[in-house]
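Please keep the sequence and the model in view while reading.

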Amino acid sequence: MSVRTVNYLKEHEVHTIGDLVKLKLEDLLSIRNFGNKTLQECIDLLDRRKVPNPGWEIAKENKMKSYQSLKSEC
């Protein structure tokens, strides 16, 4: 996880993976400058740790669908 992402999370009192998974997707995206790339880093971290979070899986699936639709338009 990038230093930038860690700093964003610390600023919002997220210090552990437990703190992170308690947040709703909307809460994360409401953090200033916390966009899709930063969200993807968090999703990847949870995936590597095998920590399930259904709300974020939907976000990941939507991102993949968006990527696939962009790819098919090219």
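Does Ile43 count as buried or exposed? Ile43 counts as buried because its relative accessibility is 5%, and the cut-off for that class is under 20% relative accessible area. The model discussed here is a predicted one.

Ile43 is found in helix α4. In space, its C-alpha atom is 9.9 Å from that of Val21, although 22 residues separate Ile43 and Val21 in sequence.

## The chain as a whole

The protein chain contains five helices and zero strands. Read from the N terminus, its elements follow the order α-α-α-α-α.

Of the 74 residues in the protein chain, 27% are buried. Among contacts with a separation of 6 or more, 58% are between residues 24 or more positions apart.

## Helix α4

Helix α4 covers residues 36–48.

Several residues of α4 are buried: Thr38, Leu39, Gln40, Glu41, Cys42, Ile43, Leu45 and Leu46. In an α-helix there are 3.6 residues a turn, so residues three or four places apart point the same way. Leu46 belongs to helix α4 and is buried because its relative accessible area is 2%. Between the C-alpha atoms of Leu46 and Leu20 the separation is 9.2 Å, while the two residues are 26 residues apart along the chain.

## Where α1 meets α4

How do the axes of α1 and α4 cross? The axes of helix α1, residues 3–11, and of α4 come within 10 Å and cross at roughly 90 degrees. That angle makes α1 roughly perpendicular to α4, because angles of 65 to 115 degrees fall in that class. On the α1 side, Arg4, Thr5, Tyr8 and Leu9 take part in the meeting, and on the α4 side Lys37, Thr38, Glu41 and Cys42 do. Sorted by class, this contact has three nonpolar, two polar and three charged residues.

Two threonines illustrate the contact. Thr5 lies in helix α1 and is buried, because its relative accessible area is 0%. Leaving aside neighbours within four places in sequence, Thr5 is in contact with Thr38, Glu41 and Cys42. Thr38, in helix α4, is buried because its relative accessible area is 1%. Not counting residues up to four places away in sequence, Thr38 touches Arg4, Thr5, Tyr8 and Asn33.

## An aromatic pair

How many aromatic pairs does the count give? The count comes to one aromatic pair. Its members are Tyr8 and Phe34, whose ring centres are 6.4 Å apart and whose planes lie at 50 degrees, so the pair is tilted. The pair links distant parts of the chain, since Tyr8 is in helix α1 and Phe34 is in the loop between α3 (25–29) and α4, 26 residues apart.

Both members are covered by the burial values. Tyr8 is buried, with a relative accessible area of 14%. Phe34 is buried as well, with a relative accessible area of 4%.

## Two loop residues with positive phi

Most residues other than glycine have a negative phi, and most peptide bonds are trans. Asn33 has a phi near 65 degrees, which is a positive value in a residue other than glycine. Asn33 is placed in the loop between α3 and α4, and it is exposed because its relative accessible area is 52%, where the cut-off for exposed is over 50%.

Which residue with a positive phi follows α4? That residue is Lys50, with a phi near 60 degrees. Lys50 has its place in the loop between α4 and α5 (54–73). At 72% relative accessibility, Lys50 counts as exposed.

Note on methods
Residues numbered from 1 in each chain as written. Predicted model: local features only at pLDDT ≥ 70, side-chain atom pairs only at ≥ 80, totals over all residues. Heavy atoms only, no water. Helix = DSSP H or I, 4+ residues; strand = E, 2+ residues; numbered from the N terminus. Buried < 20%, exposed > 50% of the residue type's maximum accessible area, 1.4 Å probe, protein only. Contact = heavy atoms within 4.5 Å. Axes fitted to C-alpha atoms, helices over the stretch in contact; angles between N-to-C directions. Parallel < 35°, antiparallel > 145°, perpendicular 65-115°, else oblique. Nonpolar A, V, L, I, M, F, W, Y, C, P; charged D, E, K, R; others polar. Phe/Tyr/Trp six-rings, centres within 6.5 Å; stacked < 30°, edge-to-face > 60°.
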